Amino acid sequence: ARGEARSARPRSATMGEQSEPAPPALRPFEKYCSVIAHYPCSVCWGSILCVVLMVAFPFVAFPGNVLNFDLGLDAFTIKYVEISNRVESMQAAECGGQCARGVGPGRRLDDHDDPDHSRFVAIYASADNTSVLTEERMRQALELENQLRDHLGEPVLSGLRAFFPNYPAAEGALTGAAFQAKLYDSAKLMHDTRNWGNSIAVWPSYEKHFTECHMESRIVTSTFAEGDRDMYPEFETYATSDLYLAFFPEREHVEREVFGKQRSATIVMDALLLGGVLLVSYALMAIMTRSIFIATAGMLGIVLSAAGALFFYRIVASSWFGILNAIAFFLLLGIGCDDIFVLSDTWRQATEVQDIPADECFERLKFTMPRAGFAILTTSLTTAFAFFGNMISVIPPLRLFGLYSGFMVLVDCAMTVTLMPAVLVIQQKYFARFDCYGRWPAEKPGSPRRLEAFFVTRLLPKIMKGAPALLIICAILVSISLNVAMELPAGGEFHPSELFPAHHNQAKAQRAKLMMANRRPHLVRAVLVSGVVPVDYSHTLNPTDKTAVHWDTAFDPTKPEIQTFVMEVCNSLLSERRMVRSVDACWVRTVAQKLLQEGHEFPTSNATLFHIAARDAWGLERVDRDQYFGRIYVTATVENQASIEELREHYDMWEVWNNRWKAEARARGLSGGENIFHASEAWVRMATIEDLSTSCISAVCVSTLLVALTLLVMMQNVVVVGAVMLHVISVCLAVVAVLVLRGKSLGVTESIGITILVGLSVDYLAHMGTSYLDEPSHLPRDERMMGAFSHFGTSVMAGATTTLLSACFLLMGKLTFFVDIGAFVVCMVVFAFFAAIFPFPATMFLFGPVGNFGQIPCPKRFRKGAGSENAAEPPEPEPKAVVDDGPARPSTATRPSTASGTGSRTPRSPP
């Protein structure tokens, strides 16, 4: 009684009387919400300023070398393994060790082109893939050639002149027996090995199967002096009823320059599709959030996230920025919009479902941030770690793509939980009355929106009713997908012409070049290198960086024992007929012939005589006073276009032979011969294609492991994490099965798509799994799943729609690279959304954890929902007076959860 009387007395201002106890101190999370609720503009501008400073820092720290854009695919080769180190070291030595300073590789054996003159090869090919060597089609080819003559002048060499005596007029053309006789003479001339040369334009070109016994060819070519390159787009339109025109510059360096500029221009045009993606995403965000202001700020936050990721990318990685990194922004749009939808929906549910007054921003943030923030953090970490799994690849562009994508996701997560809460508070305080969808009345407290009502009241009960049958059907489909996915073939070499569709000139020219066989077969050119140690000192995260040369100072060809050793190596090559077709240049043979012709002995110990004899020796260079660089050029017996298995077999034979002579050098005590090695760009291509398969599988395994560990740490429930990962693996198998059914092989595009598959498909499933665990643990499975659908079903669908629309814009690109990536993302989104809406709820309904089953024991401070009172426990019975005075509790199917710090909100007592 005395205590009640004392508490009922009015407060006194005197120091002698006891004052009321101070309110409890705010926890760090509550302080965070309080700062945002009271100073939203400061938080908003502070977040933007922080990102702007991060973007500006590389411009100050690395002036003139912030980013180097590379829109080509030449960098998609394996690096930092023994095969690539050999080629890199050889090329660095060829350019005198100055490749690291931007000087290109030096002269090669097959590089005899005059840079001042270039030729233009025109190809007349049949549109229906049949022979062009008919009288009517040869007249059509002459029509195309006369169109070219109007712009390029007389051809240097014409494949049609022999069939038209009155060339360039079509009158008097050979017909009948005379036409066939001329074809026979052309076939005989082409396959005479005495006429083999090194240039495509030595004589008219036909298909490789064009012989005296099979006088059919799908192509015939002519060669012109190169004219105005601005006319090339017009040449692409030349065609007749049966034939089309394709062309390419004869010199390889000119072709790389001309076609490379064309590819870069096309990539820039396709990049303009990004504007359409931004507009569609912006419109969808405005519709879902019911606010132009939130949509504008959200899109600004996504753009700033991509820019802010450049800070970490430039500091940690390098200045190289490739085409894959640009594609990462398309993926970020879907991820960023999904996070914004989750945050804004939870903010809305605080008022419409939890019955928190709209103007109590602090209370709404206390409800919103633990629930939405935890879901955003979980999905962001899983997606980022899945992208980081690409770091194990030995192909630098794939490694940098994973690094930059992971940074973007993490920066976007930080922007979402700092910028967007402040934006929501600003919208409520200053722009709530300007809601552009004000005619849409807010739902009554405790009731879901129309879409949520459809999920909860119509769709979900049907899924639960047919859950066993649905899971059996899905298990059968996954089993079929597994069998089909195992048949995915390994891809071949990726040529830059494959960036374009089949009707583009670059694709047609590449097909025609593969048909041509008018010169020496495309055999592998190998080089035996001495005087260089095969190591690569280039930047591990910069694909275009060149290594410095590590010279082998022990290699001294003036010593007689080295001369004898190298001569034995050349003779041994001639005896290896299974792997060597010819030894094209052996410097020690030239030295020996010169010495013997002048009456001197070989080998010689006279350094002066050796230097005089070695002046004309191809492949031996004196780099410094005591440093030499030797190369032996060899033509192998395997073709460049051979299968990967056949190339690997020949490479292994070369390795066995090379190791045998290294052992011989060590046995003789010749330290200058121990570092001899063979190198070929064909071996690098072989290793790149092999690594696309191995690194793809390894990246998927690493990404899956990282995602599973992250989910275990964040969700702390083995059963739910197992269900999520089971559905993620099922989505991956279904997408790979679709690739096989489309006739795709594991090339560059497919490898990229599969490596990002785990990171993108886990998003929606992780949202649903997190929302299931956020429901009170004492509820039955069906009510927990209904609550999860009510809270995140709309957000998941909106995020999937945004990603789907972004990928659809990629489908409108001209480059097949963008189109294939877009088709891959569309397929992934459809399967992932289907798995999150149908099989996953059925799995949770039948096998989901009840109570604390499957919960991982961990210290209380690290336990999920540790910040909330009784987050996972059933509510204690309350006194009648309090229950009667409080507002009615919302229905179980639609009321928000009490986990993850939201707690069961204490009903407000009447005044």
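Gln716 sits in the loop between α21 and α22 (718-741), where helices (H or I, at least four residues) and strands (E, at least two) are DSSP runs numbered from the N terminus. The model is predicted, so local features need pLDDT of at least 70 and side-chain atom pairs count only at pLDDT 80 or more, whereas totals for chains, interfaces and linings use all residues. Residues are numbered from 1 along each chain as its sequence is written, and side-chain values use heavy atoms, with hydrogens and water left out.

Although Gln716 is not a glycine, its phi is positive, at about 60°. With 7% relative accessibility, Gln716 counts as buried; here buried means under 20% relative accessible area, exposed over 50%, and partly exposed in between (1.4 Å probe, protein chains only). Arg290, in the loop between α9 (273-289) and α10 (292-316), also has a positive phi, near 60°. The relative accessible area of Arg290 is 14%, so this residue is buried. Two cis peptide bonds deserve a look as well: one joins Tyr167 and Pro168, with omega about 10°, and another joins Phe602 and Pro603, with omega about 0°. Pro168 belongs to the loop between α5 (135-152) and α6 (176-190), and Pro603 to the loop between α18 (587-597) and α19 (607-613).

Leaving aside residues up to four places away in sequence, Ile752 touches Phe76, Leu324, Leu398, Phe401, Phe817 and Ile821, a contact being heavy atoms within 4.5 Å.

Ser680 occupies the loop between β10 (677-679) and α21 (681-715) and is buried, at 5% relative accessible area. A polar atom of the Ser680 side chain lies 3.0 Å from the backbone oxygen of Arg525. Beyond four places in sequence, Ser680 touches Val87, Val524, Arg525 and Ala526.

Charge pairs complete the picture. A salt bridge is taken as a side-chain nitrogen of Lys or Arg within 4 Å of a carboxyl oxygen of Asp or Glu, and the count by this rule is 18. In one of them, the side chains of Arg137 and Asp242 meet at 4.0 Å, N to O. Because Arg137 lies in helix α5 and Asp242 in the loop between α7 (232-235) and β4 (243-249), this pair ties together parts that are 105 residues apart in sequence. Arg137 is buried at 11% relative accessible area, while Asp242 is partly exposed at 26%. Glu649 and Arg578 form another salt bridge, at 3.2 Å, N to O. Glu649 lies in helix α20 (residues 644-668) and Arg578 in the loop between α17 (560-575) and β7 (580-586), so parts 71 residues apart in sequence are tied together. Glu649 is partly exposed, at 40% relative accessibility, and Arg578 is exposed, with a relative accessible area of 59%.

Note on methods
Polar contact = N/O pair within 3.5 Å; in protein donor to acceptor, adjacent residues only side chain to side chain.
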